[in-house]
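Hi,

Here is the structure I promised to send over. Have a look at it first, and my notes on its charged side chains follow below.

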Amino acid sequence: ASRVDIVTSQQVKDVDIIENSCVVQILLNEPNPMVEKSLRYQIEAALKAQNADLQVAVNFSTNDGQGNRLNVGSIIAVGSGKGGVGKSSVAINLAIAFQKLGYRVGVIDCDIYGPSIPTMLGIEDKKPMMMNGKIQPVEAFGLKVISAGFFVEQGQSLIWRGPMIHKLIHQFAYDVDWKECDVLVVDLPPGTGDAPLSLSQTLPLTGAVMVSLPQKVSIIDVHKSLSMFHQVKVPVLGMVENMSHYECSSCHHREEIFDHGRVRKFCSEQNIPYLGEIPIDPRLRQGCDEGRPFLLDYENSAAGQALLNTARRLQPFLKTVEESAEDAIRIVS
């Protein structure tokens, strides 16, 4: 019998090259660890023969779609142009807000350079378990959570290269038992590096939510992230103006600390939805430090209502896992 190579047999589904990183997607008829190990070795050897410095990652999926199917309803990525804008805090409290709206929610912490989600949920000392060949997410306040922070000792830093990031994101999505979550909230690292690119290529994102401060420098960086999402065909569902102003919890006097309203103006210019403004509330920061999401206790505060309203504005984009399955059946039929 003649032997057919994987290109001729159309098993190479995709090849992505980002700077010095190469990610190869291979389709197999059925899962086979021995075949995967052999192919991974041969592909890496062939590519490194062309460029010894190339970083290579090989991902496998099967014809039945199991390797590349996520049994969830919607996936919302939360990103920002720069660090320090409260993106992770917004992501966690949005997850709680979706929960309050009746959805089953999971959180993927892809902020590999500063995974703060475990600390914000008080689970930094927990470790995920393996069961039935799947990684079990850690549970906190009804959320199912996976984070790079669970696999790195506190205070330790790792050098993450493109393919490593891609493989980690792929594992967080497809090797974790999400137990039919309706919504996955994905906390992205800030900026436009390997992780946001890998995520947009690996996951079937429903869309992205951008978080920005009102200052001009924050808006400039958001503009770059916006361009990246447009290039990789990820819909931007809207922007949130965080730390919009300070409102006294006693007398409700409002103080404009930053250039309030700049995000609304930017959204209007870019023709993307404005999802609202979240005022500064010291209890929000306190909740992050103490490992208990702010929205659990202060739903009726100005910041709490702003977060809930943001979640409600995103609700038209959300599906339960059952609704998503029905849509898949309709598409096939």
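A quick definition to start: a residue is called buried under 20% relative accessible area, exposed over 50%, and partly exposed in between, using a 1.4 Å probe and protein chains only. Please keep in mind that this is a predicted model, where local features need pLDDT of at least 70, side-chain atom pairs count only at pLDDT 80 or more, and totals for chains, interfaces and linings use all residues. Residues are numbered from 1 along each chain as its sequence is written, and side-chain values use heavy atoms, with hydrogens and water left out.

The term stands for a side-chain nitrogen of Lys or Arg within 4 Å of a carboxyl oxygen of Asp or Glu.

One of them pairs Glu 139 with Lys 144, with 2.9 Å between the closest N and O atoms. Lys 144 is buried, at 15% relative accessibility.

Another links Lys 265 to Glu 269, again 2.9 Å from N to O. These two sit four residues apart in helix α7 (residues 262-270), so about one helical turn separates them; helices here are DSSP runs of H or I with at least four residues, numbered from the N terminus. Lys 265 is exposed, at 54% relative accessibility.

Arg 292 and Asp 297 also form a salt bridge, their closest N and O atoms being 2.8 Å apart. Both partners are partly exposed: Arg 292 has a relative accessible area of 36%, and Asp 297 one of 43%.

Best wishes
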